[in-house]
Amino acid sequence: MKARRRNIAFDLFVIATVIITYLLAHLSENELVEVHQSAYRKGHSVENAVLSVFQALLTKADEGSLSLMALLDLSAAFDTLDHSILLKRLEVTFGIRGTALSWFGSYVQNRSQCVIIDGSMSEPSPLMYGVPQGSVLGPILFSLYGQPLSDILERHECQYHKYADDTELSSSGSPNDFTGTVVDVQNCVKDVMNWMTSNKLKLNPDKTEVLPVGNFAHVSSVGGDSTDMGGSVVSYQKTVRYLGVTIDQTLSLEQHISNVSRMCYYEIRRISSIRPFLNQQAAASLMSALVLSRLEFCNSLLAGLTQLQTDKLQRVQNHAARVVTRKRMRDHVTPLLRDLHWLPVRSRCHYKIATLAYRHFEKTLPKYLCDTLVTRNCPREVRSKSMKRLEPPKKPKLKSVGGCSFSLITPMVWNSLPADLKALPSLPIFKARLKTHLFKEYFG
C-alpha cells in the first residue's frame, strides 16, 4: 500500500513538472507574467528582488524625497485560496480553457487530508480551500491568484515588489509633506485589505512593518513614532528585515553588516572547536558552506560600501582563513587567501555585479533590473561601437545616498573589464574567466 502511494505521488510530481513547464511557456509567450513578481521564476532570485527594492529606495532618496516603506504580512496565504476564484482567474485572466482548465480543477479540488499517529489513521477530511504549498504547482498558482493585486498598487502609484506571499510597497514625496505620503500608503493598504477580504485572503495589520526611508536629515524630521495601517496602530521601525536583508532608515546597511558579521563569527567559533579533527580541505568546505555563503548572500548590495564597512566584512573572511589554515591571528593573511583561492570581499561583490551586467547583455536579467541599466550606443562607426559598454547615469545629487546604487556601480565595474572578457560567448565561461581576472588583479 505504501509503495503504491509512493508511485502515485511520483507520477503526480512528474505530471506537475511537465504542466508547469507548459504553463510558464504560455505565460511568457503571451506576456502575462507579472514584472514585479520574483518568486518561482527562472533568473528571478531573492537577491534580484532585494536589489530592485533597494535601487528604487536609493533613487528616491537621491532625488531628495522621503519614502515610507511597508511590508505586508499574510496569514496562512497558501491555505485560504478559493478554488472557484482561482479557476475563474485562470480562465479569464490567463486564457486557460477547455481540457487544460479541467485538469487544473481536478488538481486543486477533491483533495483531503488525514493524520497518522502510532499507525492509526484518522478519517479523511476534505480540503475546501488552498493549494499544496510544498508541491510543484502550488506556489505558481498562488502567484497567479494574487496577480490582480498589482493593479491596485499601480493605481495608487506605489512602487512595489512581490516575492511569493511577501509584498513590499512604498510611496515617496517631499520631506515637508510626509503626512501626505503616509496617507497615500494608508489608502493603498486599505484597498489591498478590501481586495484580500473579497478574495478569501487575510492581511495581518498588526504584523505589517513600516519604515521611513531617506537621508539622515529627512528621516530625523519625521514627526511621531507610529501610524494607522488597516485599523491597527503600527510603530515606525528603525530597521526591517526583507527577504533576509536588514534595511535601515538611511539605507546604510550598517545593521545588516553587523548581523552578518555576528552570525559568521558564531559559525567560525563552532568550526574552530572541531578544527583539530578536520583536514584542511574539509575545513575549507565547511567554512565556505557556513561562512562565505553568508558573506556572498545579496553581496551585490555591498558593492558601493565605504572602505570602513568593507573592512568589517573582510576581517571576518581573514579570521575564517586563519582558522582553516591553522595560522596565528598576527600572521599575514594575503598569502592565506591566495592559497585558499578566496577572492576578498570587495572583489566578490564586483564579481556578482559583473555577472548581473553580463546577464543584462544576454537578455536573461529581470526586466526591473534591466530598465535601470543603459547600453551605450555609438552614433557613428567607430572601433569601439562593437564593444559592450554601459552608460553611467547622471551624477547623483546626494553622493552619500545614491553613490552605492546598482545603476551607478554596475557601469563602473563592467566598463573597467577587458574587452575580450566581456565578449566571451556564454555565462559559465565568463564567470570562470572573470574569477581568474579578479584573482590576478588582486593578488598580482
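This is a predicted model: local features need pLDDT of at least 70, side-chain atom pairs count only at pLDDT 80 or more; totals for chains, interfaces and linings use all residues.
Student: Which residues of H11 and H13 meet?

Tutor: From H11 they are Gln-307, Thr-310, Leu-313, Gln-314 and Gln-317, and from H13 they are Val-345, Arg-346 and Arg-348. By class, this contact of H11 with H13 has two nonpolar, four polar and two charged residues.

Student: What makes H10 roughly antiparallel to H11?

Tutor: Helix H10 (residues 280-296) and helix H11 (residues 307-325) pack at an angle of about 165°, and their axes are 9 Å apart. Angles over 145 degrees count as roughly antiparallel, and therefore H10 is roughly antiparallel to H11. The crossing of these two helices, H10 and H11, is right-handed.

Student: Which residues of H10 meet which residues of H11?

Tutor: On the H10 side they are Gln-280, Ala-283, Ala-284, Met-287, Val-291, Leu-292 and Leu-295. On the H11 side they are Leu-313, Val-316, Gln-317, Ala-320, Val-323, Val-324 and Thr-325. The contact of H10 with H11 has 11 nonpolar, three polar and no charged residues by class.

Student: Why is Cys-298 called buried?

Tutor: Buried means under 20% relative accessible area. Cys-298 has 1%, so Cys-298 is buried.

Student: How many disulfides does a search of the whole structure find?

Tutor: The search finds zero disulfides.

Student: How do you know that Cys-188 is in no disulfide?

Tutor: A disulfide needs two cysteine sulfur atoms within 2.5 Å. The nearest cysteine sulfur to Cys-188, that of Cys-158, is 3.9 Å away, and Cys-188 is in no disulfide. Cys-188 also counts as buried, because its relative accessibility is 0%.

Student: Why is His-341 partly exposed rather than buried or exposed?

Tutor: Partly exposed falls between the buried limit of under 20% and the exposed limit of over 50%. His-341 has a relative accessible area of 39%, so His-341 is partly exposed. His-341 lies in the loop between helix H12 (334-340) and H13. Phi of His-341 is near 60°, again positive in a residue other than glycine.

Student: Where is Thr-364 found, and what makes Thr-364 partly exposed?

Tutor: Thr-364 is in the loop between H13 and helix H14 (367-370). Its relative accessibility is 37%, and so Thr-364 counts as partly exposed.

Student: What makes helix H16 (residues 406-415) largely enclosed by the rest of the structure?

Tutor: H16 is largely enclosed because nine of its 10 residues are buried. Among them are Phe-406, Leu-408, Ile-409, Pro-411 and Trp-414.

Technical notes:
Residues are numbered from 1 along each chain as its sequence is written. Side-chain values use heavy atoms; hydrogens and water are left out. Axes are lines fitted to C-alpha atoms, for helices over the stretch in contact, and angles run from 0 to 180 degrees between N-to-C directions. Helices (H or I, at least four residues) and strands (E, at least two) are DSSP runs, numbered from the N terminus. Angles under 35 degrees count as roughly parallel, over 145 as roughly antiparallel, 65 to 115 as roughly perpendicular and the rest as oblique. A crossing is left-handed if the near helix is turned anticlockwise from the far one by less than a right angle, and right-handed if clockwise. Contact means heavy atoms within 4.5 Å. Ala, Val, Leu, Ile, Met, Phe, Trp, Tyr, Cys and Pro count as nonpolar, Asp, Glu, Lys and Arg as charged, and the others, Gly among them, as polar. Buried means under 20% relative accessible area, exposed over 50%, partly exposed in between (1.4 Å probe, protein chains only).
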